[in-house]
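I'd like to walk you through one model, so let me put it up on the screen.

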Amino acid sequence: METKNWIGGESVLIQDQGQIVYSPSNLSEEVGVIHYSERSHVFQAEEAAKQAFRTWSKLTGVTRASYLYQMANVLEKNQTELATLACREMGKPITEMMGEVTRAIHLLRYYAAEGVRSDGELIPASDVNVLQYSKRVPLGVVGVITPWNFPVAIPIWKIAPALICGNTVIWKPADNAALTASKMMEFFSEVNLPEGVLNLVIGKGSVIGVVLLEEVDFQAVSFTGSTSTGTHVASICAKRNIKYQTEMGGKNAAVVLNDANLEITIPIILSGAYRSAGQKCTATSRIIVEEGIYPRFVERLREAVSGLKAVHALEPTAYLGPVASKSQFETVSHYVNLAHKEAEIIAEGTIKSDNDGYFIHPLLVTGVQTDHSLVQEEIFGPVSVLLQAANFDEAIQLSNETIYGLSASVFTNDLSKAHRFLEEAQAGMVRVNQETAGVEYQAPFGGMKHSSSHTREQGQAALSFYTTVKTCAIKHTF
């Protein structure tokens with residue numbers, strides 16, 4: 001397979017030599033070829049999106065919804081093919097990838113239903129014979145910049161609300177998800193969206209991303225990626241007075257209190273920390289355990305982590321596969337080496353593969369101070385750090401000792417402590433007896449501090465980002 005741009009409703013071949021993509025599960029397995037766009041492709045997409053906005057924004061919500069329903073049906077029909085390609089391209093286990101495509105299908109149908117929801121309110125006026133009301137109206141052309149770790153779900157949870165609100169979209173996926181993005185657009189071509197409503201531009205962020213952010217006449221940009229890149233995106237958008245939304249890093253804590261049920265807690269924490277090889281912004285990377293249960297908890301988690309095996313992502317029973325790329329492997333390996341030098345290794349999983357791939361041994365460590373980089377920096381790999389807390393108050397304090405504030409969870413049967421944690425944890429998403437990962441699509445998604453800008457994705461909150469409020473008033477003169 002080779003990537004193509006999709007501009008103005010048509011596939012557009014890119015005339016460059018291309019770069020071969022190899023599977024991170026097997027570095028001798030060729031998955032496809034990425035072709036990188038020129039500047040001219042970006043401006044073609046801009047013009048197509050501007051032209052399309054004039055008619056797309058005037059369609060009824062019911063009509064726009066019909067397209068989203070068709071997009072969901074197309075994904076459902078091609079679920080296995082898309083999930084398999086994404087699995088081969090970026091290494092997420094096939095069962096997780098199938099679930100991710102299912103989530104994208106549900107997202108499209110969820111936002112399609114918004115086409116008939118009330119989008120304003122009647123407002124009393126101070127004068128007589130005046131009808132005053134507000135309504136939500138689309139913004140215009142929006143940019144969607146997406147990462148590789150959720151190559152199907154994240155694009156859809158941005159694109160679906162943008163489209164149902166009446167905007168048109170230019171989408172730039174990450175390099176490591178470009179084949180999957182191109183295949184999705186190939187499937188969506190069956191829906192016959194009006195030309196220019198949804199445009200795909202493949203390219204490097206350092207080249208095409210710069211053009212998109214600095215030169216395209218966007219009305220909004222939604223970005224998911226690293227905190228360093230996200231803050232750069234925000235600064236450019238702020239200077240240009242472009243509405244922006246940035247979802248960035250996390251250093252999420254799972255707090256385990258003395259009364260936690262370990263039969264339930266251990267599998268949940270294991271999943272939150274190590275599925276997807278830890279490559280989720282909501283992954284559990286800090287595990288804070290109250291001292292009364294600490295020895296017993298450590299033994300149980302040591303056994304669980306030691307039993308983990310990193311395998312080829314297409315294995316039906318794969319719990320975790322490789323990390324997504326060479327650069328990701330090098331980054332995570334830096335932290336693994338640091339852990340072996342400066343931390344105490346509690347447990348290390350195994351790699352079970354006959355192929356060369358970007359596999360990392362699942363790792364559980366302790367014995368470092370709270371200001372250590374293993375505790376404070378986002379690793380984005382299958383590495384988690386154990387911290388001991390003297391009591392519940394210290395556990396909350398440790399949970400909040402980070403520049404990030406995306407997700408946090410507490411494991412307890414004490415309802416009063418559960419409620420207190422929900423109130424005091426400095427995170428945008430807080431959960432009790434659940435993973436730090438796995439937030440549902442109908443609920444607002446986003447964080448505090450350096451994890452997010454100050455809007456939310458998914459649920460009803462997404463509609464607020466992709467629209468602006470217009471206040472209307474008319475006086476009757478009869």
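This is a predicted model: local features need pLDDT of at least 70, side-chain atom pairs count only at pLDDT 80 or more; totals for chains, interfaces and linings use all residues.

Residues are numbered from 1 along each chain as its sequence is written, and side-chain values use heavy atoms, with hydrogens and water left out.

Helices and strands here are DSSP runs, H or I with at least four residues for helices and E with at least two for strands, numbered from the N terminus. Strand β3, residues 19-23, and β4 run antiparallel with 5 bridges joining them; strands pair if DSSP finds at least two bridges between them. Glutamine 19 sits opposite isoleucine 34 of β4.

Now step off the end of β4. Histidine 35 is in the loop between β4 (26-34) and α1 (39-56). Is histidine 35 buried or exposed? Histidine 35 counts as buried because its relative accessibility is 8%; the cut-offs are under 20% relative accessible area for buried, over 50% for exposed, and partly exposed in between, with a 1.4 Å probe and protein chains only.

What does its side chain do? The histidine 35 side chain makes a polar contact of 2.6 Å with the side chain of aspartate 16, and another of 2.8 Å with that of glutamate 2. By polar contact I mean a pair of N or O atoms within 3.5 Å; within protein, one must be able to donate a hydrogen and the other to accept it, and residues adjacent in sequence count only if both atoms are side-chain atoms. If you leave aside neighbours within four places in sequence, the contacts of histidine 35 (heavy atoms within 4.5 Å) are Glu2, Thr3, Ile14, Asp16, Gln17, Gly18 and Ile202.

On to the sheet. It's open, has 7 strands with mixed pairing, and the order is β15-β17-β18-β13-β12-β20-β21. From one strand to the next, the twist averages 20 degrees.

β15 pairs with β17, residues 363-366, in the antiparallel sense over 4 bridges, and alanine 347 has leucine 364 of β17 as its bridge partner. Leucine 364 also has a bridge partner in β18, serine 384; β17 and β18 run parallel, joined by 3 bridges. β18 is mostly covered, with 6 of its 7 residues buried.

What about the helices on this sheet? Helix α9 (residues 262-274) lies across β12 (252-256), β13 (284-290), β17, β18 (383-389) and β20 (407-411), at about 170 degrees to β12. Helix α11, residues 326-342, packs on the sheet and touches β15, β17 and β18, with its direction at about 45 degrees to that of β17. Those angles run from 0 to 180 degrees between N-to-C directions, using axes fitted to C-alpha atoms, for helices over the stretch in contact.

Searching the whole structure gives 3 cavities of 30 Å³ or more, and about 90 Å³ lies in the largest cavity. A cavity is a set of points on a 1 Å grid over the protein atoms alone where a 1.4 Å probe fits but cannot get out, and lining residues have an atom within 4 Å of a point. Grid points are joined across faces, edges and corners, and the volume is the space filled by probe spheres set on the points.

Which residues lie nearest the centre of the largest cavity? Of its 15 lining residues, those are Gly278, Lys280, Ala283, Ser285 and Phe380. Phenylalanine 380 is in the loop between α12 (373-376) and β18, and has a positive phi of about 60 degrees although it is not a glycine. Phenylalanine 380 counts as buried because its relative accessibility is 18%.

Key. On a 1 Å grid over the protein atoms alone, a cavity is a set of points where a 1.4 Å probe fits but cannot get out, and a pocket is an open set with protein on both sides within 12 Å along at least five of seven lines; lining residues have an atom within 4 Å of a point.
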